[in-house]
Amino acid sequence: MYFFPLKMMRKNVKYIVASGILALGILAYLDFISLDIWHQKHDVGRYPPGGVFVGESIRREDGNLKIPQQRRAVPVENGFEFKNNVPPWKPEFIGQANLHIFEDWCGSSIDQLCRNLHFPLYPHTRTTIKKLAVAPSWTNYGLRIFGYIHPFATGIFQFAVASDDNSEFWLSKDTDPEHLQLLASVGKSGKEWTAPGEFGKYHSQVSQPVHLSSDNRYYFEVLHKQDHKGTDHVEVGWRLNQPGLLFTLIEPQYISLFANESLLKMNDIDHIPLSKASYRINCTNPLGTSHSSEMLRTDPRDEFFTFPLIEEQYLHQILPDCIYNPSYVIKDFPLNRYQGLRFVHLSLIYPNDFTRLTHMESENRCFYRETPYILNRFGFYRFMKMDTPVERAVISVQEGESFELVDNVKHHNSKEYIFQYEDPNIGHRELPEEERQMEHSPKDYGDDYDDYNFKRRRKMLSAKTTPRSPMQTRSVAKRRKRRKESQIYLQQVNGFEKQNQEMKIDKRREAPFINQANTMQLANLSQPLMQIKIRTLRPRVKHIRNKEINEEVQNFHQVLAVVPPHQKSLPTKTKEEKENNAALEKRVFLVQENIKDPKLSNHSQQEMYNTQNRMNIKNQEYEMWQKESMEMGRNLEDQDLWREKSFSISPYGSNTEGYSDDLEEDRLFFNPAIHDQEVNWEQTFSVDNVDFHSLRSDDIDLTCNVSGNLLLKESEALEVVEIFMKKFKEKNKGKFELRKVVNVEKRVDEIQGSRYLLELELLEDGKRTVRLSQYIYSLNHNIYNMDVKYKRKSKHNKKLLLCNPVGLSWKRDTMVHFIVPVKNQARWVQKFIADMEELYEITRDGNFNVIITDYSSTDMDVEKALKQASLPRFQYLKLKGNFERAAGLQAGIDLIQDNHSIIFLCDLHIYFPPMIIDSIRKHCIEGRMAFAPIVMRLNCGASPDQPDGYWEVNGFGLLGIFKSDLANAGGMNTLEYHESWGGEDWELLDRILQAGLEVERIHLRHFYHHYHSKRGMWNRRIYRAMHRSNV
């Protein structure tokens, strides 16, 4: 047993107690120190250590708006009037020029550069250069170079500019930027570019002669835009206007700074010059003047907030009260990580707000719920029902000899056709005098045919004399293989009488045939009409189109050419038949001799003359090629190769003596005239009215970002409005009249009932226009019979049950706080403040507050910018350490004293539409609803008046919610997201849904997220690579 000193402890009990107390005190102190350190880094209470609280609830009661610094360009009749503050010039400025860089902006033209949101006052970077030749080896940027030029002599100069892509060189007649003139440029459309030092590619690159004095300095500007490809560069050269002198780059001793910017903050812009070069009219187009986006069209929703709200006393007891208890609320429901996204659904909108990005559907057609492969392969033919063709002749000739293809309508799905060979007027007659004069006249087949033969001759005469390569040898082997396959196919065609037993030849007359001497012989033609029924075979060669009429005609000729020999010697029986045979032989002779026979139809004459002319041209080509081959010493092997490719066509499609045996292969593969695709211009179809919007679901589709809002059926929306207005007029005794249905929003709940937001434009007492924005509830008819399985109600036999949802009403004058954390984003902070100023100027709504939490920015004085801005309220909090979005937002939340005000968790790169404040208030209801509008992300180079981009369907970072509801949900998760961001919005969404709130989700018009890269943002560092040097 171990010894335990109990007596000793009793004697020293007071020392033991004192030691315990001391130890507890030390532990408490250490815990306090550690907690204090953590708070400095993570905790963002109202007054965190290291933070300085400035400007609490500053409100401007005077209502006087200051002119922002970026408005130093005043519009006048023919442009702008500029208010420049030209800084004093110093001799130490010589040797450098000012360089402003605008990054993250796509496009290749100067007009696209001047549409940049920050151009020309807030560049990404300010620096200097030592000569007017810049090549940073980067992409998607724009440059503005400005300063003074000091001529090395007095005389007449010429300037030139070269760049990839567009650029402009402007020069003033003195030191004043207002006197700038465009002297030289590389293009305007963005498609022009030059190589380095290439000053003579375009006429606009070289300026007109200008007179300069060496005693003066001249203000200049160079604008350059570079896209994502090419060798980026821009350089300016000059020379005296003397013959033989070349352009040379402008060296450092001939340039100087306009202003020294090394000690200035990025929001100090008073010294930056404004001019015709940097501030032009085409950069400030009004909204929607030159873009195809449907959302740019005017909509009553955009200005609905400007009308006064109807007084609340007129809205009491319009509908009976009911309990609002939607079935999709999942309070205290256990969720997996990021699973809350599946419980958020879209609302339906009426009328169409045109948030569907139709101008982007050339890149993404997911709206139609078809896979890209199906759409590219088959298009929309599955929605079309082709009409059955009517009975008609495909080839129809009224007189003369012709081949006629008659479609059998009764069996239009089969592959059977009937060919008719008609010669009703066979006989001999004398040719008229006019035709006798045209017997030996040359035939003109048009420019297309002449050009085709010219190209063939040029290709033939440019044949190489080198021996065949292995690839050519393989090509010859492939051609021989195809020739064998075509011969097999022709054998099948010639023998199809025995195989298919489908051909029926009238034995009373003999078909014509072509002999080796290329003469036509006839035998026993007792009737002028012969019918042959042919079932087309499936060709084995992939280039044959079995549905083409020309191929059927050729098959018919081949059938006629293979009549058995024992039938060819049958004597003629009558005198009339002999005369007919003689007449037909004469026509064949006329074809061979290029004599026109008017007895034949125009179609038959044209076809036979074209055929004979192709034979003659082919003979001449071969003879000419053979003669030149002998002179140039070509190999016999090359001649044989040409002979293999050559072919001849008789008037009726048969071989002739002295030509290649692979006629059939050549006719099927190398003759483009007989394989033109037939177009059925008379084809019609039937189609039903397809409502593609009704095929969509209210689930959030993360794969489709161009669809826009779901549309509510017009009949349903107008029915709800009609029932409400009937009750509304009865209550107010006709005081108000409905002028316009501006907006109806529906949140579907098939179990309990659907929620509607009615926004109506009313006329009060026939004088004043007011607006009504009211939530109503449509109860489900099965709500009182919950033991019966729910069935979809029929709107035809059940009337809507509308009621007033208790507790679902929005507050008109609730304070809205915009919270933004920032760090070293001067140009974006200044843009955000300017947008908030414009929002206040348009709405005159003083019940919003701007809160900026700043992680000790060094590129601008954020506090000073807020004080100079024309805002109704603002709050500023300075923090230390690295940028943390969740902690910065929570810091701004803790600054708010009123728990019954709305918090809008915001981003720095947002463009706000004027109705944003009104939309946030209407869709945020304390204890019931939060608002997560869908923002449109603009593409690189896009702007609010050129809105190319896509909807951010999976982002919930922009969120409006009452402070009390956010506190119940636990606030921002600063523990997990203190070193990174991305995912904190989905994690917060899970907790908001579990707190019993519903999240309203709609696409908001003109709500944009500006394009930006992460380069230079937040905690990212710049990697400095080794500079290239010439060896």
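Reply: The accessible surface of the chain comes to about 54800 Å², and carbon and sulfur atoms hold 51% of that surface. Such areas come from the Shrake-Rupley method with a 1.4 Å probe, and for residues only the protein chains shown count as cover. This is a predicted model, in which local features need pLDDT of at least 70 and side-chain atom pairs count only at pLDDT 80 or more, while totals for chains, interfaces and linings use all residues. Residues are numbered from 1 along each chain as its sequence is written, and side-chain values use heavy atoms, with hydrogens and water left out.

The chain has 1031 residues, and 48% of them count as buried. Buried means under 20% relative accessible area, exposed means over 50%, and partly exposed lies in between (1.4 Å probe, protein chains only). There are 21 helices and 40 strands. Both are DSSP runs numbered from the N terminus: helices are H or I with at least four residues, strands are E with at least two.

Now the disulfides. The structure holds three. Each is a pair of cysteine sulfur atoms within 2.5 Å. A disulfide is a covalent bond between the sulfur atoms of two cysteines.

Take Cys106 and Cys940. Their sulfur atoms lie 1.9 Å apart. The link is right-handed, with 110 degrees about the S-S bond. It connects distant parts of the chain, 834 residues apart. Cys106 sits in the loop between strand S4 (97-103) and helix H3 (110-114). Cys940 sits in the loop between strand S36 (934-938) and strand S37 (949-951). Cys106 has 21% relative accessibility, so it counts as partly exposed. Cys940 is partly exposed too, at 21%.

Next come Cys322 and Cys803. Here the S to S distance is 1.9 Å. The torsion about the S-S bond is about 65 degrees, so this disulfide is right-handed. Cys322 belongs to strand S16 (residues 321-323) and Cys803 to strand S29 (residues 801-806), 481 residues apart. Cys322 is buried because its relative accessible area is 12%. Cys803 is buried as well, at 3%.

That leaves Cys366 and Cys704, joined with an S to S distance of 2.0 Å. Their torsion is about 80 degrees, so the link is right-handed. The two cysteines are 338 residues apart. Cys366 lies in the loop between strand S17 (348-350) and helix H4 (372-378). Cys704 lies in the loop between strand S24 (685-686) and strand S25 (710-711). Both are buried.

Cys906 is buried, with a relative accessible area of 1%. Cys924 is buried at 1% relative accessibility.

The largest nonpolar core has 78 residues. Such a core is a set of buried Ala, Val, Leu, Ile, Met, Phe, Trp, Tyr and Cys residues joined through side-chain atoms within 4.5 Å. Its largest share, seven residues, comes from helix H15 (residues 714-732). Another core, of 44 residues, lies apart from it and includes Ile349 and Phe848.
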